[in-house]
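Please open the model in your viewer with side chains displayed, and keep the selection panel at hand. The stops below go from ring pairs to sheets and then to the cores.

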Amino acid sequence: MRLSALFSDGMVLQRNQDNRIWGYTEPECKITGLLGEKTFEGYAEENGYFSISLPQCPVGGPYQLTIKADEEIVIQDVLVGDVFLLGGQSNMELPLSRTVEMFREELQQTNEPYIRMFEVPKEYEFLEERENVVNGSWIKASEDTLLQFSAVGYFTGKALKDCYHIPIGLIQTAVGGTPAKSWCCEETIRRMGYYIEELEQCKVSGYTKEVEHEELEREQEWLQEGRKAFSGTPIRTGTVTVPGRWNHNELSDFHGAIKLRKHFTVTREELAYPAEILLGTFIDVDVTYINGTYVGETPYQYPPRIYRIPEGVLKEGDNVVEVHAFVQRDSGGFMPGKQYCIRLGEKRDIFLNLAGTWEYEIMKDMPILPPTTFFIYKAAGMYNGMLSPVHNWKISAFLFYQGESDTEHPERYTKEMKALIKDWRNLWGENYPFVYVQLAGFSGGNLEEQGTEWAEFRAAQEKILLEENTAMACIYDVGEFNDLHPLDKKTVGNRIALCLKKILYKEDVLASGPVLSDAFVSGEGKVTIRFASIGEGLCTRENRNIVHGIELRDTEGNFRKANATIEGQEVIVTSDGIKNPTGVRYAWKDCPMEANLYNRKGLPALPFSRVLG
């Protein structure tokens, strides 16, 4: 008998729905079973396939599931509660292990065995819609498996479990970097017409494996050539400031292998403490040594570099950290705004600063490494490979955090997301609630010269709310200008949970921050703004009445910072330099960190840009 890997110890069934068990056994074989104390039975078809309804059980558990056909399978520790599908890309996939710096104490005290997750294997498929999950297992939010959880999924589940006191199941299908098109079905891709050529190419027999093999060999050869250079003689030397991107210095066009070195001093007293090194994030690859001893490495740019220093490596007096780094594609450098230090102590509260001037030695200039072809990013691949095999599992709602890979075409994205929502609901055969996350703030480490591309994309995301039974969690305020993967996934999870309380659990709650309802010129150089979803009233993050992040547009189309204050239930905007404002906008940047308008429930005002007539 063959069952989906979803049917395994620790699984969570959806309450109040017709759950089913499916798989293959001997043709026309009779199948009997027991869930808790309730029986079920059915027959396999001529090809051996079966799909049988399971009896409903009270919320809770644990129950035992026994199924008998050509053999007997017993599944232990089955819970009944609410199950959620986690979709999207890296910020949904991001595990709790990446958030330890922010939630260390909370996670050390966490033991939530009634919150569980199943991670679907990350596999693409272009030739057919798969019908079964072959590998995987359910894990619990406790002990050794806690840090493997999707951080957003865990914090959402924790908020719901604490409120409703029911088991929570999470089915993780998110994959880093995936665009919306990879989660749409083939029929939808062909109907929209944007990606038919790439879809057809990926369906050619042997094509994907051949490309993957060639590109893996190319990347390994590139890295191998670079590694050899570290044992040679530098071709040029200099100094560079850490942190800092290399966009505008003598290394801006450098690609290849480079050594970076910094000396630091350790006292005898400091040697007694446990130690780790923090090197922010580096673009692209680092291998780090202290006093010649290897302490850690990271193969791509996004993860934080936090490496434990083995006992005995540090010494009294002068020490040296040396980074063997590879800059592969973009301009290199250490991301601004991160910590660069040796951190000491059980409480991690002693710091030896590593920021400042570092020496560098260029070991080898190399050609830019061509981009890798990720087939998980291609149209329909993840829909077939990851969604299709779980669609028979009953759930409560879809939770979706994605968009970073689609910011270049916001208008197309709105259309794609509406199609995606329809595809998912059709696949499950249910009009499940669809809760999605608007992008957090991010500006590539640059605050002074950031653009508005992500602001325009957030506006495209907001339009998706026109689809029925949807809700959006607005989170630009918890973004980080220097990190595509901001750490505060707890706020994200809590806001998703608030959306679910409203559209799934039908509670009368305010789940959105202030939403622009009207803006009009109310005097010379003066604009009045009104909002919906203000609840008990408007406020600012600092609990003052001065609003930051609002700009007015002059008659020539230029936006300038404006003065804005909360007056009752309105925001009044003025500008001495603009007598006839033609437009107003708020939080209209890639990373609008200064934007501070909220309602008194602590939910941020949605970004907006409005033409004034």
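How many aromatic pairs does the count come to? The count comes to 35 aromatic pairs, where rings of Phe, Tyr and Trp (its six-membered ring) pair if their centres lie within 6.5 Å, and planes under 30 degrees apart count as stacked, over 60 as edge-to-face and the rest as tilted. This is a predicted model, in which local features need pLDDT of at least 70 and side-chain atom pairs count only at pLDDT 80 or more, while totals for chains, interfaces and linings use all residues. Residues are numbered from 1 along each chain as its sequence is written, and side-chain values use heavy atoms, with hydrogens and water left out.

**Ring pairs**

Select Trp138 and Trp393, whose ring centres are 6.0 Å apart with planes at 40 degrees, so the pair is tilted. Trp138 lies in strand β10 (residues 138–141) and Trp393 in the loop between α7 (381–387) and β25 (397–401), so the pair ties together parts that are 255 residues apart in sequence; helices (H or I, at least four residues) and strands (E, at least two) are DSSP runs, numbered from the N terminus. Trp138 and Trp393 are buried, that is, under 20% relative accessible area, with exposed meaning over 50% and partly exposed in between (1.4 Å probe, protein chains only).

Next, select Phe400 and Trp424: their ring centres are 5.5 Å apart and their planes stand at 85 degrees, so this pair is edge-to-face. Phe400 belongs to strand β25 and Trp424 to helix α8 (residues 410–428), so the pair ties together parts 24 residues apart in sequence, and both Phe400 and Trp424 are buried.

**Sheets**

Switch to a cartoon view and select the open sheet of 6 strands, which has the order β12-β24-β14-β20-β17-β18 and antiparallel pairing; two strands pair if DSSP finds at least two bridges between them. β12 (236–242) and β18 (293–298) stand at the edges with a single partner strand each, so one side of each is left without a neighbour in the sheet. Within this sheet, 6 bridges join the antiparallel strands β17 (residues 285–290) and β20 (residues 317–327), and Val287 has His324 in β20 as its bridge partner.

Elsewhere, select β7 (residues 60–68), which pairs with β4 (residues 30–35) in the antiparallel sense over 4 bridges. β7 is also joined to β8 (residues 72–88) by 6 bridges, again antiparallel, and β7 and β8 form a hairpin with 3 residues between them.

**Cores**

Which residues have the most contacts inside the largest nonpolar core? They are Trp393, Ile529, Val571 and Tyr586, in a core of 145 residues; a nonpolar core is a set of buried Ala, Val, Leu, Ile, Met, Phe, Trp, Tyr and Cys residues joined through side-chain atoms within 4.5 Å. Apart from this core lies another, of 33 residues, among them Leu251, Phe264, Val295 and Val321.
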